[in-house]
Structure formats: structure tokens, C-alpha cells
Amino acid sequence: MNRISGWLLDHQRADGCWWDKWHASPYYATSCCAGALTRAGRSDSSAAIGRAVAWVLATQRPDGSWGRWAGTAEETSYSIQTLLHCGGSADPGVVARAVADGCAFLLLNGSPDDYPPLWHDKDLYAPVNVITAVRIAALRLASARPLIANLMDE
């Protein structure tokens with residue numbers, strides 16, 4: 001666990017995100033890496049997790065979405081999960097507003113027909129069931145938080 005956590009810390013980009021060669025977007029890798037470091041609980045990971053959360057907050061689009069080229073349900077879902085699982089040291093009101101705005105985007109943009117291919121293999125592809133599951137999970141996590149649920153009801 002310490003060796004892997006150290007590797008993750010060493011590979012974080014200066015802006016706070018991580019990249020993965022199997023995904024076109026940094027939001028997937030950032031969600032996975034920040035989440036793993038959060039669950040590992042190492043005290044030397046808190047600054048890296050804070051940078052990841054700050055990066056996610058700073059890259060939100062005006063329509064509430066996140067995305068490398070355009071806002072997508074997949075990238076927005078990963079960002080919401082990053083904020084909810086790893087945003088403990090960030091301003092709770094700022095995180096709640098960002099998550100509520102992201103959920104509003106997800107509720108309007110949930111059609112699998114709109115999932116762009118962001119995954120790499122021999123070709124780019126969009127694993128519809130995986131993306132649908134991460135979208136549902138993000139909405140469920142957000143709705144379980146009273147502050148966020150209240151903002152979503154406004």
C-alpha cells in the first residue's frame with residue numbers, strides 16, 4: 001500500500017490531476033487516484049488530494065459539467081465522485097454547490113446516445129453500462145447528502 005501510494009503521489013501532475021493511458025480524459029484517472037489515496041489514509045497524501053479536489057473545482061464548466069473537450073456525463077460523474085469521496089478538506093458549501101450543479105447537468109444529459117468514446121483500446125469506445133453505472137452512482141451519492149439534496153431541489 002505504501003509503495004503504490006508513493007507511486008501515485010509521484011505521478012500526480014502539477015495542476016493536481018492524473019492521466020491514464022487507457023482513457024482520453026484526466027477525470028477518470030484523477031477520481032481513481034485521489035480516491036485510492038483517500039482510502040489509504042496516509043497523512044502525506046492530504047496535499048495531493050487537496051490539489052486534485054482544487055483542480056476538479058477549478059475545471060468545472062459554467063453549465064455544471066466537467067470534460068476535457070466538452071462537458072460529458074461520464075467525466076461529470078467522475079468529478080462528482082472525486083468531490084464527494086475526497087473533498088473533505090475543501091469548503092463544504094463550495095463542494096455542495098459544484099456537486100449540485102454537476103447533478104443538474106447529469107439529470108439533463110443521461111442518454112447513452114450522448115456518451116462520447118473516451119476509452120482507448122484498438123479503437124476509441126464508450127462502455128455504455130460502465131458510464132451509466134458511474135452516472136447513477138454519482139447521483140445516488142449526491143442525493144444522500146442533505147446539503148446537496150437541498151441545493152438540487154432549489
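The legends below describe close-up views of a predicted model.

In this predicted model, local features need pLDDT of at least 70 and side-chain atom pairs count only at pLDDT 80 or more, while totals for chains, interfaces and linings use all residues. Residues are numbered from 1 along each chain as its sequence is written, and side-chain values use heavy atoms, with hydrogens and water left out.

**View 1. The largest nonpolar core has 39 residues.**
A nonpolar core is a set of buried Ala, Val, Leu, Ile, Met, Phe, Trp, Tyr and Cys residues joined through side-chain atoms within 4.5 Å, where buried means under 20% relative accessible area, exposed over 50% and partly exposed in between, for a 1.4 Å probe and protein chains only. The members that touch the most others are Trp18, Trp66, Ile80, Leu83, Val99, Leu106 and Ile148. Two or more residues are given to this core by each of α2 (26–40), α3 (46–58), α4 (73–86), α5 (92–108), α6 (128–143) and α7 (146–153), and the largest share, eight residues, comes from α5. Helices (H or I, at least four residues) are DSSP runs, numbered from the N terminus. Apart from its neighbours within four places in sequence, isoleucine 80 is in contact (heavy atoms within 4.5 Å) with Trp66, Val99, Gly102, Cys103, Leu106 and Ala138.

**View 2. Helix α7 has a buried side and a face turned away from that side.**
The buried residues of α7 are Ile148, Ala149 and Leu151. Seen down the helix axis, these buried residues fall within an arc of 160°, so they line one face of α7; the arc is that of the directions from the helix axis to the C-beta atoms. The buried residues of α7 pack against α4, α5 and α6, whereas the face turned away from them carries the exposed residues Pro146 and Asp153.

**View 3. Helices α4 and α6 pack with their axes 9 Å apart.**
The angle between α4 and α6 is about 40°, where axes are lines fitted to C-alpha atoms, for helices over the stretch in contact, and angles run from 0 to 180 degrees between N-to-C directions. The two helices α4 and α6 are therefore oblique to each other, a word for what remains once angles under 35 degrees count as roughly parallel, over 145 as roughly antiparallel and 65 to 115 as roughly perpendicular. Among the residues that meet here are Ser77, Ile80 and Gln81 in α4 and Val134, Ala138 and Leu141 in α6. Glutamine 81, in helix α4, is buried, with a relative accessible area of 14%. Leaving aside neighbours within four places in sequence, the contacts of glutamine 81 include Ser31, Cys86 and Ala137.

**View 4. Helix α3 packs against α2 with the axes 10 Å apart.**
The angle between α2 and α3 is about 145°. The contact between them is made by residues including Tyr27, Ala34 and Leu37 of α2 and Ile49, Ala52 and Trp55 of α3. The axes of α3 and α4 come within 10 Å and cross at roughly 140°, which makes α3 oblique to α4. Here Ile49, Val53, Val56 and Leu57 in α3 meet Ser79, Thr82, Leu83 and Cys86 in α4.

**View 5. Alanine 14 lies in the loop between α1 (2–10) and α2.**
Alanine 14 is exposed, with a relative accessible area of 81%. From C-alpha to C-alpha, alanine 14 and tryptophan 55 are 9.9 Å apart in space, although they are 41 residues apart in sequence.
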